[in-house]
Amino acid sequence: MNIPLLDLKAQFQPLRAEIMAAVQTVCDEQGFILGPRVAAFEESLAKYVGARYAIGCASGSDALLLSLMAMGVGQGDEVITIPFTFFATAGAVSRLGAKPVFVDIQPDTFNLDPTQLERAVTSRTKAIIPVHLFGQCADMPAINQIAKAKRLHVIEDACQAIGAGQGGQRAGVLGDTACFSFFPSKNLGAFGDGGMITTNDQGLADALAMLRVHGSRVRYLHEAVGINSRLDALQAVVLDIKLKYLDQWAEGRRRNAARYDQLFRAAGLLDRVTLPSTKAGNFHVYNQYTVRVSKRDELRAHLKEKGVGTEIYYPLPMHLQNCYQDLGYRKGAFPLSERAAEEVMSLPIYAELSDAQLTYVVEMIADFFKRQ
Ligand SMILES: *Cc1c(COP(=O)(O)O)cnc(C)c1O
């Protein structure tokens with residue numbers, strides 16, 4: 001059997017006619033940058049997450065950068081996040097001349113540990129970027145409480161968590177701004193790059209809309225030094241169609257996750273494989289189904305040989321990256337992030353997987369441990 005980590009063709013085929021018709025319309029209209037098609041999708045997405053405003057931009061990375069810019073983060077400021085994330089979370093901070101400050105993760109959810117947050121705050125701290133890693137929200141009530149007491153901004157890195165929930169609300173309204181990515185492998189994937197920021201704050205929404213067009217509200221008059229970061233109409237029409245199916249796909253991912261849990265348990269593998277865990281009150285959308293295993297690299301090689309695609313998200317925490325040596329962190333500074341980087345492995349979880357495929361994946365993992 002051949003089971004790739006992600007099969008976007010399986011998702012596209014049933015939507016082919018609907019999407020191609022919308023693409024054709026945009027081609028006929030020849031209006032590509034922002035405009036009514038993008039505005040319509042911004043409205044759909046705002047409604048979906050329950051936010052007052054949504055501002056499209058070129059990527060999730062830019063959504064983070066624009067959020068920080070709108071909050072006035074710059075040289076000399078500090079922004080707290082986790083080291084066990086995709087590079088963009090910390091990269092956005094550095095791009096503005098500010099300093100990423102790391103706080104370790106909780107071992108079960110892989111998300112920011114709020115009990116370690118307060119001691120990372122200094123007089124220079126301006127914002128916190130909790131990441132909703134793998135599709136599960138960070139502990140936002142605890143993070144927001146500290147942010148409020150210390151007067152810090154909170155930016156949700158919700159790039160992997162569109163549709164995820166916490167306490168009856170969706171990711172997108174749990175901080176001051178929330179950043180979404182439409183990179184093709186995310187749960188809502190574009191046909192290229194794309195991103196969105198949501199917020200309930202009118203002042204931030206206005207600033208974001210200005211900053212994404214070179215800091216201009218009136219053409220050729222510039223109030224701030226912004227950037228060029230826009231969502232285009234072709235991506236917007238594709239995303240607006242796909243958004244209608246997002247909850248259905250999330251249900252498929254959740255069903256597959258529950259089935260994996262069941263299969264691992266039935267195979268007696270729970271001493272070898274640590275399953276993902278969901279915190280009470282969280283609605284997990286499984287952008288990734290990430291397990292911890294021993295002998296991970298040998299197991300991955302075995303699975304590859306058997307046709308099963310896997311990936312390591314993420315193999316090297318931010319504080320140990322070459323580009324961040326100047327931050328002065330040493331190996332051992334964030335032991336839970338470092339350990340996660342050594343043990344995690346993500347398995348195929350997309351909605352279109354069949355029960356036979358899920359069963360095969362678990363069988364091949366059982367097969368590996370039987371030989372040990
Ligand atoms: C994908 C991702 C980003 C960046 O999104 P792009 O659209 O690829 O720029 C940022 N943070 C996290 C956690 C992500 O997974």
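Predicted model: local features only at pLDDT ≥ 70, side-chain atom pairs only at ≥ 80, totals over all residues.
**Helix α10 against helix α12**

I looked up which residues form this contact: Glu298, Leu299, His302 and Leu303 of α10 meet Val361, Met364, Ile365, Asp367, Phe368 and Phe369 of α12. Contact here means heavy atoms within 4.5 Å. I sorted the residues of this contact into seven nonpolar, one polar and two charged.

Residues are numbered from 1 along each chain as its sequence is written, and side-chain values use heavy atoms, with hydrogens and water left out.

I then took the geometry: α10 (residues 296-305) and α12 (residues 355-370) pack at an angle of about 130°, with axes 10 Å apart. This angle makes α10 oblique to α12. Angles under 35 degrees count as roughly parallel, over 145 as roughly antiparallel, 65 to 115 as roughly perpendicular, and the rest as oblique. The axes are lines fitted to C-alpha atoms, for helices over the stretch in contact, and angles run from 0 to 180 degrees between N-to-C directions. Helices (H or I, at least four residues) and strands (E, at least two) are DSSP runs, numbered from the N terminus.

I recorded the crossing of α10 past α12 as right-handed. A crossing is right-handed if the near helix is turned clockwise from the far one by less than a right angle, and left-handed if anticlockwise.

**Two further helix pairs**

I found helix α4 (residues 60-70) packed on helix α7 (residues 202-211) at about 120°, with axes 9 Å apart. That makes α4 oblique to α7. The crossing of this pair, α4 and α7, is right-handed. On the α4 side I listed Leu66, Ser67, Met69 and Ala70, and on the α7 side Leu204, Ala207, Leu208 and Leu211. The α4 and α7 contact residues come to seven nonpolar, one polar and no charged.

For α2 and helix α8 (residues 233-243) I read an angle of about 150° and an axis separation of 9 Å. That makes α2 roughly antiparallel to α8. α2 also passes α8 in a right-handed crossing. Glu18, Ile19, Ala22, Val23 and Val26 of α2 meet Ala233, Leu234, Val237, Val238, Ile241 and Lys242 of α8. Here the contact residues are nine nonpolar, no polar and two charged.

**Ligand**

I counted 15 residues around the ligand (a heavy atom within 4 Å). The closest are Gly60, Ser61, Gln160, Ser181 and Lys186. Polar side-chain atoms of Ser61 and Gln160 lie 2.5 Å and 2.8 Å respectively from an oxygen atom of the ligand. For Asp157, a polar side-chain atom is 2.8 Å from a ligand nitrogen atom.

Most residues other than glycine have a negative phi, and most peptide bonds are trans. I noted Gln30, not a glycine, with a positive phi of about 55°. Gln30 sits in the loop between α2 (16-29) and α3 (35-49). I also noted a cis peptide bond between Tyr313 and Tyr314, with omega about 5°. Tyr314 is in the loop between α10 and α11.

I located Arg339 in helix α11 (residues 335-343). Arg339 and Arg292 are 47 residues apart in sequence and 9.7 Å apart in space, C-alpha to C-alpha.

Methods: Nonpolar A, V, L, I, M, F, W, Y, C, P; charged D, E, K, R; others polar. Polar contact = N/O pair within 3.5 Å; in protein donor to acceptor, adjacent residues only side chain to side chain.
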